[in-house]
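Let's take a walk through this protein together, going from ring pairs to helix ends, loops and charged contacts. Keep the viewer open as you read.

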Amino acid sequence: MAEIVQQRIENRIPELEQLERVGLFSKKEVKSMLKRATALEYKLHRLIITKVDFIAYIQYEINVLELIKKRRSRIGYQFKREEIEYSIISRINNIFRRATTKWKDDVQLWLSHIAFCKKWNTKVQLSKVFSSMLAIHPEKPALWIMAAKSELEDRNLSESARHLFLRALRFHPESKKVYQEYFRMELLHAEKLRKQQKELEQAEMDVGEYEFSPEIMSGKLAELVYRDATGKIQGADFILSLLTIAAIFDFTKELQDTIIQDLQSKYTDDSLTWDFMAKRELEATVGEELQTAKGRASDITRREERCCQVYEEGLKSLNTEAMWACYVSFCLERFKRKTNVQELKEKRQERLLAVLQRAHDSSMLKEEFYKNWLQVLLSSGDSEQTAAVAMAATQRYRQSVDVWCLALQTMVHLGSGATGKLFQDALKHVNPKLQVEWSMTSQSPEETEALFQRGLLSVVPAVSMEIKEKYLDWSYRAGGYKKARKTFTSLQESRPFSKAFFTRMIQMEKNQETPKMSNLRDFYERALREFGSTDDDLWLEYIREELGPSGQPENCGMIHWRAMKMLEGESVERFTAQYTLLQTGHI
């Protein structure tokens with residue numbers, strides 16, 4: 001063991017001599033580096049070695065690289081890179097290889113190596129790392145996509161990227177994401193060729209026998225990918241995702257027309273198809289004769305009417321809640337658009353109210369749309385119709401606290417004498433959540449707190465969790481941070497919890513003038529005890545907090561290690577992908 005360590009240390013001597021000779025490091029610093037490197041090398045040759053030892057060694061070497069980069073910039077010396085940086089980068093790659101050989105299943109370790117190669121621009125090494133990783137983890141589509149994108153974007157090798165996508169499809173023949181990215185890659189390749197041809201033509205350069213294939217440049221390879229994808233994967237949502245990608249490129253009109261024809265012929269039983277076809281009617285261009293405000297408003301009205309005709313046609317064959325939701329959402333979106341033309345504004349309101357009423361009469365109106373309906377009616381001043389809609393909403397969604405609260409607030413706003421009876425009816429269906437909602441706006445703090453305490457005793461988990469969230473919010477509004485913290489502490493053993501219960505307390509701490517990192521750590525730790533095995537976002541937020549101005553970045557390694565131990569299933573893959581993006585500065 002000692003001989004191997006000694007050999008590795010001796011291999012460092014030329015680069016250390018160069019560092020001292022060119023003035024990047026002092027003699028004392030070089031001795032310190034040699035001592036530190038020896039200690040780290042010995043750790044990697046013990047009988048029992050850990051992943052932490054490898055990571056610590058790699059991090060030390062990366063820190064040395066960063067320091068060299070800063071000192072070069074400071075003294076303005078840019079020579080001897082091959083003897084100094086290249087040697088260190090090669091050593092780091094070697095340590096990564098040793099680590100990934102021992103811990104093949106650790107995807108994060110592979111991704112960390114990839115992130116390092118990208119940052120220090122070692123493109124050849126990057127391809128080798130991807131190749132080794134995919135040989136061990138072919139079951140992860142995201143890794144294939146990452147590798148193919150790297151070949152295309154980092155090395156500008158379209159053929160290599162295509163080869164990787166084809167290999168990925170052997171392992172994942174029905175992966176939507178792989179097909180989407182493969183489709184995008186072929187279009188990017190075609191766009192690149194078109195740009196090259198244009199530049200050569202402008203420069204009037206002779207390219208000899210080389211010819212640009214018109215089929216490839218027109219997107220025929222992408223069309224082949226589309227045909228293969230839609231033959232294996234069904235669904236209007238998937239076809240529309242490919243159409244969205246194709247629409248980014250200005251040379252794909254024929255391909256877009258082909259996709260739209262397939263959508264219309266195969267998926268007329270899907271509300272997404274009708275929604276897309278309807279909204280296409282808005283894309284018509286405005287003529288020169290319609291440049292006045294009134295002329296544009298008239299043209300917009302005609303186009304919106306054509307959209308509605310498509311929706312109406314769709315409802316004849318597809319009278320479903322999803323179809324009505326698309327229709328209502330369209331009308332609501334158009335109604336919310338600002339316009340100075342009163343006639344257009346009134347037309348949109350009339351259309352929206354009519355569609356809402358028809359959807360309600362068909363028992364196809366979703367819960368969230370009742371609030372929009374009542375808001376429009378209140379703004380129009382139609383009290384009788386507003387009250388009728390509020391009562392109708394409670395009949396359709398009897399178990400919804402939000403609907404009962406909305407109805408009660410509406411009746412109070414209208415000054416209706418039926419409010420008391422409506423409240424009693426509500427208590428029969430959604431007690432105790434509604435009592436709490438009502439008490440927060442209508443009763444004293446003491447009465448409200450007593451209701452919260454009773455509500456916490458609910459045996460229904462969903463009710464108990466929501467009561468805790470509302471109790472914490474109310475405490476913050478009523479008594480500020482101190483009262484909210486006291487409430488949080490009193491409830492911390494009162495399971496079950498929702499994630500929102502913890503994230504709201506975290507946000508309350510952040511809202512303080514001087515947030516305490518110790519408190520934030522405590523809140524995150526408590527949240528992770530409940531959700532640490534499934535919620536990858538929570539771990540990432542914790543790491544971001546430590547990377548912030550008040551945190552301790554050195555804690556991130558341990559948090560990451562704990563996350564990889566606790567997370568399960570697909571959450572591990574999501575976490576590793578996001579953590580890599582965070583490390584490389586992409587998020």
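Is W474 buried or exposed? W474 counts as buried, because its relative accessibility is 7%, where buried means under 20% relative accessible area, exposed means over 50%, and partly exposed is in between (1.4 Å probe, protein chains only). Before going further, note that this is a predicted model, in which local features need pLDDT of at least 70 and side-chain atom pairs count only at pLDDT 80 or more, while totals for chains, interfaces and linings use all residues. Residues are numbered from 1 along each chain as its sequence is written, and side-chain values use heavy atoms, with hydrogens and water left out.

Rings of Phe, Tyr and Trp (for Trp, its six-membered ring) are paired if their centres lie within 6.5 Å; planes under 30 degrees apart are called stacked, over 60 edge-to-face, and the rest tilted. Counted this way, there are 20 aromatic pairs. One of them is W324 with Y327, a stacked pair with 6.2 Å centre to centre and 20 degrees between the planes. These two residues are separated by about one helical turn because they are 3 residues apart in helix α16 (residues 321–336). Helices here are DSSP runs (H or I, at least four residues), as strands are (E, at least two), numbered from the N terminus. W324 and Y327 are both buried.

The partner of W474 is Y471, and this aromatic pair is tilted, with 6.4 Å centre to centre and 35 degrees between the planes. Both residues belong to helix α24 (residues 461–491), where they are 3 residues apart, about one turn of the helix. Y471 is buried as well, with a relative accessible area of 3%. Elsewhere, F488, F497, F501, F502, F523 and F531 make up one aromatic cluster.

Next, have a look at helix α27 (residues 536–547). Its 12 residues should span 16 Å at 1.5 Å a residue, and the end C-alpha atoms are 17 Å apart, which agrees; the expected span is 1.5 Å times one less than the number of residues. Several residues of α27 are buried, among them W539, L540 and Y542. What caps the N-terminal end of α27? The cap is D535, with a side-chain oxygen 3.1 Å from the backbone nitrogen of D537.

Two asparagines in loops deserve a stop. N121 is not a glycine, yet has a positive phi of about 60 degrees. You will find N121 in the loop between α5 (107–119) and α6 (123–136), and it is exposed, with a relative accessible area of 53%. N156 also has a positive phi, near 60 degrees, and lies in the loop between α7 (141–153) and α8 (158–171). At 46% relative accessibility, N156 counts as partly exposed.

Finally, the charged pairs. With a salt bridge taken as a side-chain nitrogen of Lys or Arg within 4 Å of a carboxyl oxygen of Asp or Glu, the count is 47 salt bridges. R227 and D262 form one of them, their closest N and O atoms being 3.0 Å apart. This pair links distant parts of the chain, since R227 is in helix α11 (residues 220–232) and D262 in helix α13 (residues 253–266), 35 residues apart. R227 is partly exposed at 38%, whereas D262 is buried at 11%.

Which parts does the salt bridge between R348 and E304, with closest N and O atoms 2.8 Å apart, tie together? R348 lies in helix α17 (residues 342–361) and E304 in helix α15 (residues 293–317), so the pair ties together parts that are 44 residues apart in sequence. Both R348 and E304 are buried. E312 and R358 form a salt bridge too, with closest N and O atoms 2.5 Å apart. Because E312 lies in helix α15 and R358 in helix α17, this pair ties together parts 46 residues apart in sequence. E312 is partly exposed at 25% relative accessibility, and R358 is partly exposed at 34%. R348 and E304 also belong to a network of salt bridges whose members include E305, E333, R334 and R351.

Notes:
A polar contact is a pair of N or O atoms within 3.5 Å; within protein, one must be able to donate a hydrogen and the other to accept it, and residues adjacent in sequence count only if both atoms are side-chain atoms.
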